[in-house]
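Hi there,

Here is the structure I promised to pass on. Please have a look, and then read my notes below.

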Amino acid sequence: MPDMQPLISDFVLKLKRRKVEGSHAVARQTAELLRSVVSQHRMGSTNQAAALADAIHAVGEHLIAANPIELAVGNTVRRVLHIIKEEDISFTAVGIEGLSVTAVSDDECDSGNDDRPTLSAAVLASHARNALRAPSLQTLLDDIPVSTALSHSSSSAGDSDGKTGDKSLKTRKLKHDVIAAIGDLIEEIDTCYDQISEQAVEHIHQNEVILTLGRSRTVKEFLYAAKEKKRSFRVFVAEGAPRYQGHALAKELVEKGIQTTVITDSAVFAMISRVNMVIVGVHAIMANGGVIAPVGMNMVALAAQRHAVPFVVVAGSHKVSFCRLCI
Amino acid sequence: QVGLQYLSGEVSGGNGRCIAMLLAFREAIKDYSTPPNKTLSRDLTAKVSSYVSFFIECRPLSISMGNAIRFLKNRIAKLPITLSESEAKASLQSDIDRFINEKIVVADQVIVSHAITKVRDDDVLLTYGSSSVVEMILEHAHELGRKFRVIVVDSRPKLEGQGLLRRLVAKGINCTYTHINAVSYIMHEVTRVFLGASSILSNGTVYSRVGTASVAMVAHAFGIPVLVCCEAYKFHERVQLDSICANELGDPDVISKIPGRADLGDLKNWADNENLQLLNLTYDATPSDYVSMIITDYGMLPPTSVPVIVREYRKEQLWV
């Protein structure tokens, strides 16, 4: 895909130079870029899904290497790869009957491989069927690389369908479905704020005192939604040195008529005894339940634990990451 | 004059303010002359009270100052009536001198000698804000040739750690400077935490500069010993459950202005908006379970022994 190269390099540069900031923007632009990659990709006659996955994988590695801290990039790439696998399965599921996906292999985490274990059972079943079937011209002519087990299922599905004419139709349909699914993903990334804010009323009732640190758009929308529904609450905003984004958040909250008090980060422990709930936004959510958040959040979490105050994290699904990092 | 110094923040810190106040009282006593038809003790007590209310207007009293004032009034009340005016004045002045000497200067030396035993080679010590006692400990340890480095944690709006940092670096001590949000990031390198206190309350709660509680909490979470250094005259028999019950409010404008960052002017007109408040707390209360040990001039004790000291201390005051 030579015509994709300048677009990809451009985005990589933006990531490296931190021109794109914030997980939301990053996730969205990554998804859009991958959608363009998919649409530009020339689908071969065989192993389309595998080849497509490889292409996305290669692009994804570049993007992740550009800015390793922005985990949203990796998350989005993995989700696109998963979409491709899913679309492919729904194709092969038509061809392969009576398949129950029971076993899941325990591959180590590596980008791209983690999505393959879900298919291993399907692969095993199709392997079995291939072995039983007498070698025909079709199977011999099909290119079967060892690394991509996917090819077996896709080619066997192609076999069971029979006609070569159907293959080109299938190619277009796969690509079309993948692009549509990525479009859904982009929409999901965009509407995450609304979906999260809808739940605000369930958690914020009357006369609540809420504490937050720094500035998170998700938290802001969350609080706006609660205010819309006429819940009475007041907010303590900790400044969040060294960026002091708490000041900006306080200004925005006040404009909507929410009672706000700005405190310094050192006063968090002092104030938390009078707080009902801590609501924060984070940078990323880890697979083991941990979060990566702006500096100072650990202090707030420990204080909340000490005073048995609920610590609520609000984040869009593009922030959920596969890694299990911890200090 | 001393009152103005308090107001401007030139004199700050429990010991500093107390000494300044007592010296001011000493001067006042020297210049004092009993008006006719009045007894020395009652009139002087009234005068002292008026001075105290002036101080309170400038800045609310710290607990150390409160204790010192109580001591002084006690001494005035105990003056035998037979003493002449000049003798009474001289006796009071020597009392004040003795108080400053015993309870602050010598006490600090005793604390330093105790605490030095806790500083070992290759230690990484963390301290918060600027405490006069902790500074003395670090300087003394450095003079003795111990190899250690110091992490100074600071916070807005007072940024007291910067002064401490300058003084320590001038002595040649290896220092790192960071702000309070980063405490959980650097805590894994730290071996011991030394904190100063404005006062220690009866249930072992440490009442000190806002932010101390957070530092102690994070240290506790990492399993690092927290050593609080405090002279015995600052102990108080009151009990406080959290930081909100009794606290001092600082100037809220200081929060809205961030020196050196003119671009962050979001809160410039905060007073105009009725929904927006800025809260500037001065003190906070650290629960006793975060404190491993308290180092005083009476020795090194666990937080549970504080009521004993308070009791003994009161008794001693009567004998003196």
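A salt bridge here is a side-chain nitrogen of Lys or Arg within 4 Å of a carboxyl oxygen of Asp or Glu. By that rule, three salt bridges cross the interface of chain A and chain B. One pairs A:Glu239 with B:Arg156, whose closest N and O atoms are 2.3 Å apart.

A word on the basis: this is a predicted model, in which local features need pLDDT of at least 70 and side-chain atom pairs count only at pLDDT 80 or more, while totals for chains, interfaces and linings use all residues. Residues are numbered from 1 along each chain as its sequence is written, chains are lettered from A and ligands numbered from 1 in the order in which they are written, and side-chain values use heavy atoms, with hydrogens and water left out.

**Between the chains**

Chain A brings 35 residues to the contact and chain B brings 40 residues (contact means heavy atoms within 4.5 Å). Together they bury about 3,200 Å², with 61% of it on carbon and sulfur atoms; buried area is the accessible area (1.4 Å probe) that two parts lose on being put together, summed over both.

Strand S3 of chain A also pairs with strand S8 (residues 276-279) of chain B, in the parallel sense and over four bridges. Strands are DSSP runs of E of at least two residues, and helices are runs of H or I of at least four, numbered from the N terminus; two strands pair if DSSP finds at least two bridges between them. Within this pairing, A:Thr260 stands opposite B:Leu276.

**Inside chain A**

Domain 1 puts twelve residues into the contact and domain 2 puts in nine residues.

How much area is buried between the two domains of chain A? About 740 Å², of which carbon and sulfur atoms give 49%. On the domain 1 side, A:Ser23, A:Leu71 and A:Asn75 lose the most area to domain 2, together 45% of what that side buries. Helices H2 (23-40), H4 (71-95) and H8 (164-198) each supply at least two residues of the domain 1 side, and H4 gives the most, with four residues.

Happy to talk it through.

Best wishes
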